[in-house]
Every structure is written in structure tokens, then in C-alpha cells.
Amino acid sequence: MPTAIRGSHRATGRSITDQFRAFDAHNPHVYRELERMVARRLATGTTRISLKDLFENLRRQLPHGVAGLNNNYTALYARQQIDEHPHWAPAFELRRRRAA
């Protein structure tokens, strides 16, 4: 796993979705690691997954910080996981989005 995350987007005036897309494009390893973490949890019989919990685990694993790993991205990463793995949908509780 890479040792740092690039692409902090603080106070840019862009939507969270736009910030997320830019962050994800610069840090594809984050999605891949979250995907591995979800798969491991589901393989152990876990039926509910908290992306916020996985974010905290990921932060502890990265030795050089997590610049840009914004908690606002958790729902977007959950939706991305479901898009890629529709059979995982029951493991995530999603709320209706209020903004793009």
C-alpha cells in the first residue's frame, strides 16, 4: 500500500462530489484498500459495514498521514462499492443524498 495520500481539496468551493472525484482519481489505492477491507469483513460473516469505521482503520494503517481523506467521502465510497459489487448493497445503510 502507498505510504501517503495526495490531493487535499480544502475550501475549494467545489461540491463534495467533485472533491471526491478528484481525490479518488489521484488516490485509487484508497478505493482498492477499502474494497479489500469490505471483502474481508463480509468473508467473516459480517452483515453490516461502516465505511467510517474502515476509514479510521485505513488512517491507522497509513504511516505518513492521510491528507485529503475526508469523512464526507464515506457515503460516496459506499456507493462506489455498491456500484462495483451490487451484491454487497445489503451490507451498507445509505441515506438519500441531499446534494450532488
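These legends describe close-up views of a predicted model.

View 1. Setting aside neighbours within four places in sequence, Asp24 contacts Tyr31, Tyr77 and Gln80. Tyr73 lies 49 residues from Asp24 along the chain, and their C-alpha atoms are separated by 9.5 Å.

**View 2. The salt bridge between Asp18 and Arg21.** The two side chains meet at 3.9 Å, N to O. Both residues belong to helix 1. Three residues separate Asp18 and Arg21, about one turn of the helix. Asp18 is partly exposed, with a relative accessible area of 36%. Arg21 is exposed, at 55%.

**View 3. A salt-bridge network of Glu33, Arg36 and Arg40.** Salt bridges link Glu33, Arg36 and Arg40. Within this view, Glu33 pairs with Arg40, and their closest N and O atoms are 3.3 Å apart. Glu33 is buried, with a relative accessible area of 5%. Arg40 counts as partly exposed, at 48% relative accessibility.

**View 4. The salt bridge between Arg41 and Asp53.** The closest N and O atoms of Arg41 and Asp53 are 2.7 Å apart. This pair links distant parts of the chain, twelve residues apart. Arg41 is in helix 2 (residues 28–43), and Asp53 is in helix 3 (residues 51–61). Arg41 is partly exposed, with a relative accessible area of 24%. Asp53 also counts as partly exposed, at 32% relative accessibility. The salt bridge count for the model comes to six.

Key: Residues are numbered from 1 along each chain as its sequence is written. This is a predicted model: local features need pLDDT of at least 70, side-chain atom pairs count only at pLDDT 80 or more; totals for chains, interfaces and linings use all residues. Side-chain values use heavy atoms; hydrogens and water are left out. Contact means heavy atoms within 4.5 Å. A salt bridge is a side-chain nitrogen of Lys or Arg within 4 Å of a carboxyl oxygen of Asp or Glu. Helices (H or I, at least four residues) and strands (E, at least two) are DSSP runs, numbered from the N terminus. Buried means under 20% relative accessible area, exposed over 50%, partly exposed in between (1.4 Å probe, protein chains only).
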